[in-house]
Amino acid sequence: FDDLKNQLRLIQALGGGTVDVVLIGQVNPKFINYYNLCKKEAEKYRNIYFLPVMAQEKLASAYVAAKVCVTPSWFETFSLVSIEAAAAGANVVVTNRSPLKEYFDDLIWYCHPDDKESIKQSVLEAYRHPTKSKLKNLVIKKFNWQEVASRVLTAYESIL
């Protein structure tokens, strides 16, 4: 948990709604106060769940079970969480402050991290929408470890 990841705003946006929200991850001791704030806010609702950090195999099964993966961060680089979730077949909602638009354009949904209504509407739209197999296929084809490693090697070779 980290205030840059904006979990509190996600809880506020979706708490009490019809969609279950599952937050997975470890608590960074630096952000224990933020985590406690998130837990306190979540206590108001019956649809918010917290799970501890998971081994990669269990995390992969969580992605498969998810209909939507949401990262409403204040700042996001190339989101590995979003990529892994998309590869598992989930729809993806990311902050509008992410470079993923350059890669996925309209295959994913975007939200404003400071706007609870934007987060809520983006998530609900992604939730109601059928899973985008085009997104899953694109991620599996272009963003697998072998493809990424090959691109990194090519970049290194061009420098040398």
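This is a predicted model: local features need pLDDT of at least 70, side-chain atom pairs count only at pLDDT 80 or more; totals for chains, interfaces and linings use all residues.
Biologist: Where does Met54 lie, and which residues is Met54 in contact with, leaving aside its neighbours within four places in sequence?

Modeller: Met54 belongs to the loop between E2 and helix H3, the latter covering residues 56–65. With neighbours within four places in sequence set aside, the contacts of Met54 are Ile24, Leu59 and Ala62.

Biologist: Ile24 is found in which element, and how exposed is Ile24?

Modeller: Ile24 is part of strand E1. Its relative accessible area lies between the 20% and 50% limits, so Ile24 is partly exposed, at 34%.

Biologist: Which residues make the nonpolar surface patch, and which elements give two or more residues to the patch?

Modeller: The patch covers about 320 Å² and is made by Val22, Ile24, Tyr49 and Leu51. The elements that give two or more residues to this nonpolar patch are strand E1 (21–24) and strand E2 (48–51).

Biologist: How are helices H1 and H6 oriented to each other, and which residues of H1 and H6 make the contact?

Modeller: The axes of H1 (residues 7–14) and H6 (residues 116–128) come within 8 Å and cross at roughly 70 degrees. Angles of 65 to 115 degrees count as roughly perpendicular, and H1 and H6 are therefore roughly perpendicular to each other. On H1 the contact is made by Arg9, Leu10, Gln12, Ala13 and Leu14, and on H6 by Lys116, Ile119, Lys120 and Val123.

Technical notes. Residues are numbered from 1 along each chain as its sequence is written. Side-chain values use heavy atoms; hydrogens and water are left out. Patches are made of residues with over 30% relative accessible area and no salt bridge: like charges are joined within 9 Å, nonpolar side chains (Val, Leu, Ile, Met, Phe, Trp, Tyr) within 5 Å. Accessible areas come from the Shrake-Rupley method with a 1.4 Å probe; for residues, only the protein chains shown count as cover. A salt bridge is a side-chain nitrogen of Lys or Arg within 4 Å of a carboxyl oxygen of Asp or Glu. Helices (H or I, at least four residues) and strands (E, at least two) are DSSP runs, numbered from the N terminus. Buried means under 20% relative accessible area, exposed over 50%, partly exposed in between (1.4 Å probe, protein chains only). Axes are lines fitted to C-alpha atoms, for helices over the stretch in contact, and angles run from 0 to 180 degrees between N-to-C directions. Angles under 35 degrees count as roughly parallel, over 145 as roughly antiparallel, 65 to 115 as roughly perpendicular and the rest as oblique. Contact means heavy atoms within 4.5 Å.
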